[in-house]
Amino acid sequence: MPRSPPVRRAASLAPMSRFETIDVTRLRWFVAVAEQLHFARAAKSLNISRQRLSRTVIELEEELGVRLFVPGAQPTELTEDGRALLARAPELIAAAEVEVVTAEPAETTLRVGFVPGVTVSKWTRIWGERFPGIALEVTPVPQVEQVAALREGRVDMCFVRLPVDRDGLAAIPLYREVAVVVVPKDHPIAVFDAVTAAELAEEKVQTEHALDDAAVTLEMVAAGVGHAIVPHSVARLHARKDLVYRPVSDAPATEIALAWPSAATGPVIEDFIGVVRGRSEHSSRARTIAAPRPGAQGKPSADKGGKKRQPVARKQVKRRGR
């Protein structure tokens with residue numbers, strides 16, 4: 001081991017307060033040498049160079065102001081202070097680990113619910129790539145409970161099917177879904193590309209169905225109880241070989257929206273909205289006001305004839321699709 005620089009001899013290592021600022025990595029490396037009493041073997045077990053290990057031990061001796069190893073001793077030998085530090089090392093390391101765990105902030109988790117028919121895989125993938133430090137927990141929510149799940153705090157945000165009671169909730173519509181009729185594969189309607197509500201007037205309809213029980217509903221359709229009209233995504237989710245679905249051209253579309261309690265709006269909520277709306281990773285948090293270009297200074301530009309052109313408001317394009 002290289003000769004340590006002169007350090008002040010301490011009377012004792014007894015006061016525990018002297019150890020509170022010891023770098024835990026240095027302490028771990030010291031323990032490796034102290035237990036094996038061999039610098040080369042300890043360095044190999046730590047996967048570091050012998051020179052780096054020796055330098056670290058010297059820095060620890062300087063930090064404490066004592067010798068931990070007998071200079072020049074062969075084989076390596078601990079001093080009295082070195083033995084005292086080795087005896088207390090497990091306690092010090094354990095205390096340091098507890099302190100680190102306590103100091104770490106609780107992991108942030110964004111809980112997002114979704115009603116039947118909504119596919120969230122694209123958004124969860126983008127979120128994981130863009131915000132790896134914030135866990136995203138997605139969970140299916142029955143449509144009948146979509147508002148209650150938000151009001152009761154079971155989820156922070158939820159993809160809901162409109163309409164909903166918006167009292168205390170914020171919501172942004174995302175896309176519309178066409179309605180489809182589901183019939184058995186051998187049904188006469190199966191030969192058409194689309195149908196109208198009038199064409200279904202004489203058909204037997206299964207009226208007692210809910211989207212949360214779509215699998216049961218379609219099982220009844222397959223049994224010949226009657227057809228069912230459901231959103232396209234629900235029919236696709238429960239697709240079966242013995243059933244077909246056709247668009248109902250004049251049936252009202254359903255609308256999917258992202259909703260959350262208005263009082264909970266914050267940076268994480270805004271970030272998820274940005275992901276869902278397709279904003280780029282580097283887009284500004286200013287959602288409605290575009291930053292002026294350098295040099296523009298907010299003045300209307302002039303055309304070639306010298307006349308000032310009036311600013312043209314950007315047309316907002318409503319995103320359609322998923």
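This is a predicted model: local features need pLDDT of at least 70, side-chain atom pairs count only at pLDDT 80 or more; totals for chains, interfaces and linings use all residues.
Among contacts in this protein between residues at least 6 apart in sequence, 68% link residues at least 24 apart. The chain has 322 residues, and 36% of them are buried. Nine helices and eight strands make up its secondary structure. The protein exposes about 19,700 Å², with carbon and sulfur atoms supplying 54% of that area.

Five strands come together in an open sheet with mixed pairing, in the order 2-1-3-8-4. Its edges are strand 2 (135–140) and strand 4 (169–177), each of which pairs on one side only. On average, neighbouring strands here are turned by 20° against each other, direction ignored.

Strand 3 (residues 157–161) runs antiparallel to strand 8 (residues 254–261), and four bridges join the two. Within this pairing, F159 has L258 as its bridge partner in strand 8, and C158 stands opposite A259. Strand 8 also pairs with strand 4, again in the antiparallel sense, over eight bridges. There, R176 stands opposite E255 of strand 8. How much of strand 8 is covered? Six of its eight residues are buried, so the strand is mostly covered.

Three residues of helix 5, W123, I126 and W127, are buried. They cover an arc of only 100° around the axis, and therefore lie on the same side of helix 5. The cover over the buried residues of helix 5 includes strand 1, strand 2, strand 3 and strand 4, along with helix 9 (267–276).

A second open sheet is built from three strands in the order 6-5-7, and its pairing is antiparallel. Here strand 6 and strand 7 are the edges, each pairing on one side only. Strand 5 and strand 7 run antiparallel and are joined by five bridges. V182 stands opposite Y245 in strand 7.

Helix 7 lies across strand 5, strand 6 and strand 7, running at about 45° to strand 5. Which residues of helix 7 (residues 214–222) are buried? They are A214, T217, L218 and V221. Because they cover an arc of only 90° around the axis, they fall on the same side of helix 7. These buried residues pack against strand 5 (179–184), strand 6 (228–231), helix 8 (232–237) and strand 7 (243–247). After helix 7 comes G224, whose phi is positive, near 90°.

| Strand pair | Bridges |
|---|---|
| Strand 3 and strand 8 | four bridges |
| Strand 4 and strand 8 | eight bridges |
| Strand 5 and strand 7 | five bridges |

## Two crossing helices

Now to a helix pair. Two packed helices are described by the angle between their axes and the distance between the axes. The axes of helix 2 (residues 39–46) and helix 3 (residues 50–64) come within 9 Å and cross at roughly 105°. That angle makes helix 2 roughly perpendicular to helix 3. On the helix 2 side, the contact is made by F39, A40, A42, A43 and L46. Helix 3 contributes R50, L53, S54 and V57.

Finally, find S249 in the loop between strand 7 and strand 8. Is S249 buried or exposed? Its relative accessibility is 54%, so S249 counts as exposed, the cut-off for exposed being over 50%. Leaving aside its neighbours within four places in sequence, S249 is in contact with V195 and T196. S249 and V178 are 71 residues apart in sequence, and their C-alpha atoms are 8.0 Å apart in space.

Terms used: Residues are numbered from 1 along each chain as its sequence is written. Side-chain values use heavy atoms; hydrogens and water are left out. Buried means under 20% relative accessible area, exposed over 50%, partly exposed in between (1.4 Å probe, protein chains only). Contact means heavy atoms within 4.5 Å. Accessible areas come from the Shrake-Rupley method with a 1.4 Å probe; for residues, only the protein chains shown count as cover. Two strands pair if DSSP finds at least two bridges between them. Axes are lines fitted to C-alpha atoms, for helices over the stretch in contact, and angles run from 0 to 180 degrees between N-to-C directions. The arc is that of the directions from the helix axis to the C-beta atoms. Angles under 35 degrees count as roughly parallel, over 145 as roughly antiparallel, 65 to 115 as roughly perpendicular and the rest as oblique.
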